[in-house]
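Dear colleague,

I am passing on the structure we spoke about, so that you can look through it yourself. Below it you will find my notes on what was found.

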Amino acid sequence: MSPDPWIWIGAILTLMIFSFLFKDNPFYKFGEHLFVGVANGYFIALYWHNSLKPNLFDELAAGNFIYIIPLLLGLMYFARFIPKISWLVRIPIGFIIGWGAGISIPAYFQAEILRQVEGTIVTPESFINPLNGIWALIIFIGVVCTLIYFFFSKEHKGILGHTSRLGIIFIMIGFGASFGYTVMARVSLLIGRIQFLLGPWLGLIK
Amino acid sequence: MKWYEVISKIDRRIIYVLLTLFIILPFFVKITIPQNIMPQTQKLFDFVDSIPPNDKVIMIAFEYSPQTMPECRPMAIALLKHSFMRNIPIVGVSFDPQGPGLAVEAFATVVDELNSIALSREDSIIYGEDYVYLGWKSGRLAALLEMGESIKSVFPRDHFRNSVDSFPLMQRVRNYKDVAIAIVLAAADYPIDWIRYAQTRYGVKVGAGLTAVMAPKYYPFLQTGQVSGMMSGMKGAAEYEKLVLEHGYATELGTAETGMNSQSMIHILIIVFILLGNIGYFFSRRKK
């Protein structure tokens with residue numbers, strides 16, 4: 001068994017959280033509340049030392065008074081707590097939305113629409129390797145059928161009905177793959193914890 | 001109670017106990033379940049393996065959190081070993097507040113291991129010359145765009161509050177032009193921002209090491225070539241560990257490879273439970 005007290009704290013807290021699998025109990029509650037408290041403390045300290053202090057207050061202390069503008073914009077968020085001046089909160093929100101939309105829309109369109117459409121188009125080059133060609137064709141059919149499934153302006157009958165049903169199959173395969181990956185992810189986290197308990201704590205495995 | 005009712009109403013605590021047993025068993029009983037290397041992991045490995053030594057840097061973004069360490073930490077360890085053994089300099093960054101502590105730990109683990117077997121100063125991994133960890137920065141969208149012009153203006157100091165001008169490595173790393181690939185080890189949707197802002201605008205190559213939950217979302221980007229290679233969950237990490245070992249960059253496998261036997265056992269168990277649940281459901285419906 002490990003002589004390191006930090007390993008013991010980690011192991012005991014892990015077991016406290018796992019105890020919830022049996023049923024809710026005070027040990028689990030303690031672990032949960034401790035986690036929330038520690039996480040909050042960590043984030044507050046990190047944001048203060050790495051963001052607010054160097055990027056704002058140090059600059060103001062150095063006489064860069066232009067930083068009063070972001071300070072005021074930040075303070076306006078708190079106006080929400082005073083009903084009389086709560087409208088002030090719209091200014092920083094408007095600023096953030098304007099900046100965010102301006103910066104994101106072209107980047108999003110280019111990276112996630114244009115390039116993805118480009119990747120879906122089947123060209124003669126797709127068939128240089130026949131297997132890749134077949135996959136490219138499946139992707140093309142999958143995208144078209146899925147898009148037709150989400151086309152609600154016309155009743156899904158006839159060809160539209162057949163293609164939209166094929167679209168559902170592609171969507172279901174996508175859901176299945178996502179679920180499979182999710183199971184793998186959650187099991188990985190459990191394996192990690194058990195490796196920690198059996199290894200660093202109990203010393204039963206390397 | 002009929003047999004089909006029994007199998008569709010198994011107490012969840014029995015399932016937990018079985019899950020735990022199936023995870024523990026492969027650690028004590030030698031069970032070898034072969035793992036194939038997926039093309040996306042091979043692609044990432046090949047990309048890193050083709051970067052000329054002592055030329056451009058690999059930028060690693062440490063964006064994982066303590067709860068996703070079993071998936072992402074082995075990726076970081078294998079990737080660091082691979083890069084250091086090939087003399088490819090590394091610049092680490094984080095935009096997730098939980099990243100810095102884990103990045104420092106991963107660097108320390110690999111650097112200590114490699115320096116303990118180094119025969120000369122040339123073989124050693126030296127901070128500031130072979131790698132730098134720039135730390136965490138808030139406002140990642142602006143930072144990702146600004147780093148295309150100047151990394152120094154976003155990170156004037158490293159994680160340990162040293163001026164980046166004091167590092168020989170950072171004298172030659174000015175912006176994305178000096179980055180061979182940015183590999184994002186993430187437990188949240190960070191790689192998409194690298195694709196949207198760093199790649200679309202500055203053309204930087206992006207690789208990814210993702211938790212398995214996130215992996216399906218990134219396959220389309222892999223297909224279009226926007227992601228140059230990818231490790232998906234613990235399996236991806238185990239594959240990269242295996243490749244690093246096979247090419248002689250490591251002497252032993254890491255924690256992901258050892259965990260994969262448990263992973264495969266659990267998958268078999270879950271498939272059995274899904275089948276039992278479905279059989280129970282269909283029989284009880286037929287009886288009604």
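In this predicted model, Ile7(A), Gly10(A), Ala11(A) and Thr14(A) of helix H1(A) meet Arg193(A), Phe196(A), Leu197(A), Pro200(A) and Trp201(A) of H6(A). By class, the residues in this contact between H1(A) and H6(A) are six nonpolar, two polar and one charged. Helix H1 of chain A, which covers residues 5-18, packs against H6(A) at an angle of about 145°, the two axes being 10 Å apart, and the crossing of H1(A) and H6(A) is left-handed.

Turning to the interface, 33 residues of chain A are in contact with 36 residues of chain B. On the side of chain A that touches chain B, the elements giving two or more residues are helix H2 (26-61), helix H4 (90-120) and helix H6 (158-201) of chain A, and the largest share, 16 residues, comes from H6(A). That side of chain A divides into 21 nonpolar, ten polar and two charged residues.

Chain B holds an open sheet of six strands in the order E3-E2-E1-E4-E5-E6, with parallel pairing. Strand E3 (131-136) and strand E6 (230-232) of chain B stand at the edges and have a single partner strand each, so one side of each is left without a neighbour in the sheet. From one strand to the next, the twist averages 15°. Within chain B, strand E4 (residues 179-186) and strand E5 (residues 206-210) run parallel and are joined by five bridges, and Val184(B) stands opposite Ala208(B) in E5(B).

With kind regards

Conventions: Residues are numbered from 1 along each chain as its sequence is written. Chains are lettered from A and ligands numbered from 1 in the order in which they are written. This is a predicted model: local features need pLDDT of at least 70, side-chain atom pairs count only at pLDDT 80 or more; totals for chains, interfaces and linings use all residues. Two residues are in contact if their C-beta atoms, placed from the backbone, lie within 7 Å. Helices (H or I, at least four residues) and strands (E, at least two) are DSSP runs, numbered from the N terminus. Ala, Val, Leu, Ile, Met, Phe, Trp, Tyr, Cys and Pro count as nonpolar, Asp, Glu, Lys and Arg as charged, and the others, Gly among them, as polar. Axes are lines fitted to C-alpha atoms, for helices over the stretch in contact, and angles run from 0 to 180 degrees between N-to-C directions. A crossing is left-handed if the near helix is turned anticlockwise from the far one by less than a right angle, and right-handed if clockwise. Two strands pair if DSSP finds at least two bridges between them.
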